[in-house]
Structure formats: structure tokens, C-alpha cells
Amino acid sequence: MAERLEGKTVVVTGGASGIGAAIVRGVVAEGGNAVIADLDEAAATSLAESLGDRAVAVGMDVSDRAQVMAGIAKAVKVFGRLDVYFNNAGMNVPMPFLGITESNFELVMRVNALGVLIGMQEAARQFIAQAGPGKIVNTASIAGRTGFPDFAPYSAAKAAVISLTQAAARALASHKITVNAFAPGVVATPLWKKLDADLAQMGKPEAGFDSMAADILLGRAAVPDDIVPTAVFLAAPDSDYITGQVIPIEGGMILV
Ligand code: NAD
């Protein structure tokens, strides 16, 4: 069987860790070229080196437009064109609802929401310059469907990712660009290690990974590889007639 991403150039932001790193491996396994774009350039470089010629690293802060433009330019320089852009980078800093500060709100919104807008705009400009087509895939979250008390700005930012996905699908369809998202539930990644530590420090250890994972219908939290088949599907021609959609990958948790 032909590989589903053969010859496609795929940028994955936040590609050095967790879900993004699993997607990068999935892209290379399906014959694609992966551009690992991450704030942590050293980790991105070491992952790229482990994957061979079809992976390159680029240091990128997704909330800085000039860095996003430079990352896309590098993808095009190395592999000749851009086919798929995953806006996957994200972060969370929990705070009790009444204690949320302006700077916490602005930081979390800046990376998780503004970063997705900038990524979609700059990827779309490249697709349009190539005369299309193109695919954009955003990492939303169950937190974008329901608000969690200890990380309201993150929930708001992920709700913004869902709205931005719908708006971009409508704005870009005439350029043969599809825009979709997937919404993970609880995935065992380094993000949760930091979140659990922050929640414990807030005096809310019971709000962490284990309790969030306790009520999942399928009986366990996800691992990053649980996300890969859907991510590859949304990057591959199999999903050509799908746009503006958000696919939950949450094992039966919030069911919305
Ligand atoms: P992770 O911490 O393992 O990986 C996130 C990566 O993003 C890191 O390599 C980090 O360096 C990078 N990053 C952070 N800020 C960045 C920035 N400004 N610019 C570029 N790169 C940046 O986390 P993960 O769990 O793999 O999360 C990946 C995505 O999945 C995030 O958008 C996250 O919100 C989302 N998500 C995660 C879960 C979960 O349970 N782990 C659930 C739902 C959604």
C-alpha cells in the first residue's frame, strides 16, 4: 500500500515533545517530510537527527510572526513546498479562578490562540503562493468544549482554537485549503508533569492527571500514539472532503 503522506511536507509546531513528536514520527512513517518547529530547538534537533533526512528542526516561538514566517521559509527551502501545517504547540499555567492575573491570561491566550491564528495565516499565505491546495490541522482540546475551573484561560484559548478553525475553514476554502482540528482529552505527555506539579503547589493535587483520567469510558488516559492515526488522516488525502470540523479523541470523557 502506498504511504499516505509520500512526498508531502508537513510542519508540526510543538513537534519536539508529546503529541507533536508522535505526529512527527507518524508523518515520517507515512513517507512525509517533517519540519519540527519548537521553542525547544535542542529537543527538536535531536528528534530530527534520530529520524534521518526526511526530518529537519527549526527553532520557533509560534506567537512571533517573524519566527513563524522563517520556519515556513525553511520548510520550503529544504523540501521545496509546504503541504500540511499542524498548529500543535501549546502550554498551560493553572491558576485558581479568582486568582487569574492579566499576565497569565495574556500568556496562555498568546501562545495557544494567537499562535494558532498566526500559524494559519502564514501557512495559508504559502499555500496561496503555491496556488494551493493545503491542509491546516489545529490541536484543540476537550478544554475548549467545557471550561475547567483551575485553567480558565487555557479553556478559553482552546475554545478560540475551535472558533478560529471554523472561521479559517470558511475564509480559506476558495483557495483549496481545508482547516480542521482534533480535540484530545487527557494524554500522558510532559505537559501533565508540569501541570500536576503546578496544581500540587496550588494546593489542588486532586485536580490533576489521575482524577481527570478516572472517568474515561475506555478506562485509561491516552498516550500520544492514540492521536497519530487521526492526525495522519487529517493530513492525508483521505480527509479531502472534510473542513471546519473538530474531531474529539478523548476515549469517552466529556462527549461534546
Ligand atoms: P508537551 O508539553 O509535551 O509539548 C508541547 C511542545 O510545545 C513542547 O515541545 C514545547 O516546547 C512546545 N511549545 C510550547 N510553547 C511554544 C511556543 N510558544 N512556540 C513553539 N513551541 C512551543 O505537550 P503536549 O501534551 O504534547 O501538547 C501538545 C498540544 O496538545 C498542546 O496544544 C496542548 O494544549 C494540547 N493538548 C494536550 C492534552 C494533554 O492531555 N496532554 C490534551 C488536550 C490538548
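## A walk through the fold and its ligand

Let's begin with the overall form of this predicted model. A compact globule of 256 residues would have a radius of gyration near 18 Å, and the protein chain comes out at 17 Å, so the value agrees with that expectation. If you look along the principal axes, the C-alpha trace spans about 50 × 35 × 35 Å. Within those dimensions the protein chain holds 8 helices and 7 strands.

One is P133, which you will find in the loop between helix 4 (102–129) and strand 5 (134–139). The peptide bond that leads from G132 into P133 is cis, with an omega near -5 degrees. The other is K176, in the loop that runs between helix 5 and strand 6 (177–184). Here phi is near 65 degrees, a positive value, and K176 is a residue other than glycine.

Where does the ligand sit? The space it takes is the largest pocket. Which elements give two or more residues to the shell around it? They are helix 1 (18–29), helix 5 (152–172) and helix 6 (190–201). Of these, helix 6 provides the largest share of the shell, with 3 residues.

Altogether, 27 residues surround the ligand, and the closest are S17, D38, Y154, T189 and W192. By residue type, the shell divides into 14 nonpolar, 9 polar and 4 charged members.

With the shell in view, you can pick out individual polar contacts. Y154, already named among the closest residues, places a polar side-chain atom 2.6 Å from an oxygen atom of the ligand. The backbone takes part as well: a polar backbone atom of V62 is 3.0 Å from a ligand nitrogen atom. At L39, a backbone N or O atom lies 3.2 Å from a nitrogen atom of the ligand. How much of the ligand does the protein bury? Taken alone, the ligand exposes 830 Å², and the protein buries 92% of that.

Notes: Residues are numbered from 1 along each chain as its sequence is written. This is a predicted model: local features need pLDDT of at least 70, side-chain atom pairs count only at pLDDT 80 or more; totals for chains, interfaces and linings use all residues. Side-chain values use heavy atoms; hydrogens and water are left out. A residue is near a molecule or strand if one of its heavy atoms lies within 4 Å of it. A polar contact is a pair of N or O atoms within 3.5 Å; within protein, one must be able to donate a hydrogen and the other to accept it, and residues adjacent in sequence count only if both atoms are side-chain atoms. Accessible areas come from the Shrake-Rupley method with a 1.4 Å probe; for residues, only the protein chains shown count as cover. On a 1 Å grid over the protein atoms alone, a cavity is a set of points where a 1.4 Å probe fits but cannot get out, and a pocket is an open set with protein on both sides within 12 Å along at least five of seven lines; lining residues have an atom within 4 Å of a point. A molecule sits in a cavity or pocket if more than half of its atoms lie within 2 Å of its grid points. Helices (H or I, at least four residues) and strands (E, at least two) are DSSP runs, numbered from the N terminus. Ala, Val, Leu, Ile, Met, Phe, Trp, Tyr, Cys and Pro count as nonpolar, Asp, Glu, Lys and Arg as charged, and the others, Gly among them, as polar. The radius of gyration is taken over C-alpha atoms; the globule rule is 2.2 Å times the number of residues to the power 0.38.
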